[in-house]
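Take a moment with the sequence and the fold before reading on.

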Amino acid sequence: MCGIVGIVGQNAVAGLLYDALTALQHRGQDAAGIGTVHGTHLRVHKGNGLVRDVFDAGAMALLQGKVGIAHCRYPTAGSEGSDEAQPFYVNSPYGIALAHNGNLVNTEALRREVFEQDRRNVNTGSDSEVLLNVFAHELDRHPALTPDAVFTALEGVNRRVRGGYAVVCTVLGLGVVAFRDPNGIRPLVLGKRSVEGGDEYMVASESAALDILGFERLRDVEPGEGIVITARGELHARQCAAPGRHTPCIFEYVYFARPDSMIENISVHKARMRMGVTLGEKILRLRPDHDIDVVIPIPDTSRDSALEIANVLGVKYREGFIKNRYVGRTFIMPGQSERAKSVRRKLNPIPLEFRNRVVLLVDDSIVRGTTSKQIVQMARDAGAKKVYLASAAPPVRHPNVYGIDMPSSEELVAHGRSEQEIESLLGCDWLVYQDLADLEAAVAGPKFPGRTFDSSCFNGEYVTGIEAGYFERLRQLRSDEAKKKRRAG
């Protein structure tokens with residue numbers, strides 16, 4: 001999962017892009033980059049690390065221009081090297097820089113096409129660079145650089161590319177281009193603000209970034225839609241793909257997105273509250289005479305759900321863990337050993353909230369299970385009489401292939417195991433999962449009953465279809481053992 005931003009402003013945009021990236025830092029801590037257009041030149045600065053570490057005063061001073069894009073990254077199918085920090089750039093045609101959130105599922109076939117048919121070279125293992133070259137080739141087929149030429153090029157991109165993707169580009173001589181996959185799996189939102197001199201436009205992965213910079217959220221970019229914002233501030237939009245099944249990623253609501261964001265006109269905060277209500281009701285159905293003394297969230301993402309569970313159960317809600325804000329999100333750390341070491345550095349229990357109590361811990365989801373097992377033991381060590389564990393999401397039994405670095409199936413704790421077996425492995429006295437139907441209904445809410453989502457990591461249903469052999473290649477790329485070998489040599 002990554003964060004992307006594109007801005008066309010009336011004044012220099014580098015500072016705005018930097019602030020937007022800090023608002024999206026939760027989406028990726030591996031690398032960050034900004035590219036701005038100044039006259040006929042593209043200025044790019046990028047590198048590994050957090051936004052605050054990649055950019056200093058000298059770097060920001062070089063990023064001149066009123067048009068720009070930005071990206072914060074965490075690694076999925078590619079390697080973790082600095083050569084894969086974005087934006088990526090090609091000089092033909094015109095000069096294009098691209099930042100991408102998502103993952104393509106036909107990358108290998110496209111890589112061959114790009115080299116053999118399009119006669120373009122891809123230097124890295126990143127599917128984002130492949131996507132950039134596909135777009136560049138399609139745009140190069142048109143004699144003039146116009147919004148119509150871009151939209152026709154995007155039609156070609158959408159015909160060739162499969163997967164989940166939200167993209168922002170700068171095209172020298174035109175402005176910012178943004179587009180989204182035909183199924184709307186990865187999020188992208190459009191905003192606008194009026195300043196002295198005229199209107200400014202912004203596209204971003206989450207609406208929270210717009211809010212922080214004072215942009216009004218206009219709407220989500222539609223699935224398969226292309227957006228062109230010229231350097232003069234003219235907005236053009238066109239549908240660039242045949243209508244597909246609209247399936248936004250449900251894991252955005254479960255874990256990734258900020259609670260103050262709106263995705264597909266659904267409040268992430270309210271969705272998580274509804275998850276808590278439905279899970280609390282399930283707990284009451286299963287154990288109407290429960291002995292739970294206190295509900296404690298595993299911070300931060302589960303707080304909204306945990307509070308509603310406590311309300312439904314009629315028990316106390318307490319903050320039982322203190323989180324070190326200077327340790328990153330363990331889910332998106334690159335290796336299992338790093339994730340394991342980080343849990344104790346990240347969370348410290350308050351014994352007063354655990355001692356001699358039956359504790360219900362609430363987490364947003366359980367993926368590998370390693371951190372959950374450690375947290376359950378931490379609760380016991382802090383004096384809990386019993387430790388129950390509730391997941392606001394169903395069992396994660398399948399890899400996510402559309403841009404979330406879930407590991408190969410074999411490394412998912414729920415893969416091939418019953419809930420009772422998982423309960424025993426995690427060491428808790430009781431484990432309860434959200435049902436998938438309840439999760440989808442909770443996210444859709446009363447305004448969008450029956451809305452469909454990409455829930456592939458829970459049910460194994462992939463809306464784009466998956467080629468034979470894909471999961472084996474994914475295992476070779478994503479498993480912790482494979483990543484360890486890449487780092488070693």
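What follows is a short tour of this predicted model.

## A parallel sheet and its helices

Start with the open sheet. It has 5 strands, in the order β17-β16-β20-β21-β22, and the pairing is parallel. Which strands stand at the edges? They are β17 (316–317) and β22 (430–433). Each has a single partner strand, so one side of each is left without a neighbour in the sheet.

Helix α9 (residues 268–286) packs on this sheet. It touches β20 (358–363), β21 and β22, and its direction makes about 130° with that of β22. Helix α12 (residues 370–381) lies across β20 and β21. It runs at about 145° to β21.

Now look at one pairing in detail. Strand β21 (residues 386–391) runs parallel to β22, and 4 bridges join them. Tyr388 has Trp430 in β22 as its bridge partner. Strands of a sheet pair through backbone hydrogen bonds, either parallel or antiparallel.

Val359 gives a view from inside the sheet's strand β20. Is this residue buried or exposed? Val359 is buried, with a relative accessible area of 0%. Leaving aside neighbours within four places in sequence, its contacts include Val294, Ile296, Phe354, Val387 and Tyr388. The C-alpha atoms of Val359 and Asp291 are separated by 9.1 Å, while the two residues are 68 residues apart along the chain.

## Antiparallel strands

Other strands pair in the antiparallel sense. Strand β7 (residues 163–171) joins β8 through 6 bridges, running antiparallel. Ala166 has Arg180 in β8 as its bridge partner. The hairpin of β7 and β8 has 3 residues between the strands, and there Gly173 takes a positive phi near 90°.

β8 also pairs with strand β12 (residues 225–230), antiparallel over 5 bridges. Here Gly175 has Thr230 in β12 as its bridge partner. How covered is β8 (residues 175–180)? It is mostly covered, with 6 of its 6 residues buried.

Helix α5 (residues 127–140) has 14 residues. It reaches 20 Å from its first C-alpha to its last, close to the 20 Å expected at 1.5 Å a residue. Of its 14 residues, 13 are buried, so α5 is largely enclosed by the rest of the structure. At its start, a side-chain oxygen of Ser126 reaches to within 3.0 Å of the backbone nitrogen of Ser128.

Helix α14 (residues 436–444) has buried residues too: Leu439, Ala442, Val443 and Ala444. What covers them? The cover includes α8 (251–256), β15 (266–267), α9 and α15 (456–459). Just after α14, Gly445 takes a positive phi of about 70°.

## Aromatic rings

The count comes to 13 aromatic pairs. One of them is Tyr18 with Phe55: the ring centres are 6.1 Å apart and the planes are at 80°, so the pair is edge-to-face. Tyr18 lies in helix α1 (residues 14–23), and Phe55 lies in the loop between α2 (51–54) and α3 (57–62). The pair therefore ties together parts that are 37 residues apart in sequence. Phe55 counts as buried, at 5% relative accessibility.

Tyr462 counts as buried at 15% relative accessibility, whereas Phe471 counts as partly exposed at 35%.

Tyr74, Phe251, Tyr255, Phe256 and Phe458 form one aromatic cluster.

Most residues other than glycine have a negative phi, and most peptide bonds are trans. The table lists exceptions in this model.

| Spot | Feature | Value |
|---|---|---|
| Ser92 and Pro93 | cis peptide bond | omega about 0° |
| Pro299 and Asp300 | cis peptide bond | omega about 5° |
| Arg119 | positive phi | phi near 60° |
| Glu264 | positive phi | phi near 55° |

Where do they sit? Pro93 is in the loop between β5 (88–90) and β6 (96–104). Asp300 is in the loop between β16 (294–297) and α10 (303–313). Arg119 is in the loop between α4 (107–116) and α5. Glu264 is in the loop between β14 (262–263) and β15.

Their surroundings can be read from accessibility. Arg119 is exposed, with a relative accessible area of 75%. Glu264 counts as buried, at 6% relative accessibility.

Terms used: Residues are numbered from 1 along each chain as its sequence is written. Side-chain values use heavy atoms; hydrogens and water are left out. Two strands pair if DSSP finds at least two bridges between them. Helices (H or I, at least four residues) and strands (E, at least two) are DSSP runs, numbered from the N terminus. Contact means heavy atoms within 4.5 Å. Axes are lines fitted to C-alpha atoms, for helices over the stretch in contact, and angles run from 0 to 180 degrees between N-to-C directions. Buried means under 20% relative accessible area, exposed over 50%, partly exposed in between (1.4 Å probe, protein chains only). The expected span of a helix is 1.5 Å times one less than its number of residues. A polar contact is a pair of N or O atoms within 3.5 Å; within protein, one must be able to donate a hydrogen and the other to accept it, and residues adjacent in sequence count only if both atoms are side-chain atoms. Rings of Phe, Tyr and Trp (its six-membered ring) pair if their centres lie within 6.5 Å; planes under 30 degrees apart count as stacked, over 60 as edge-to-face and the rest as tilted.
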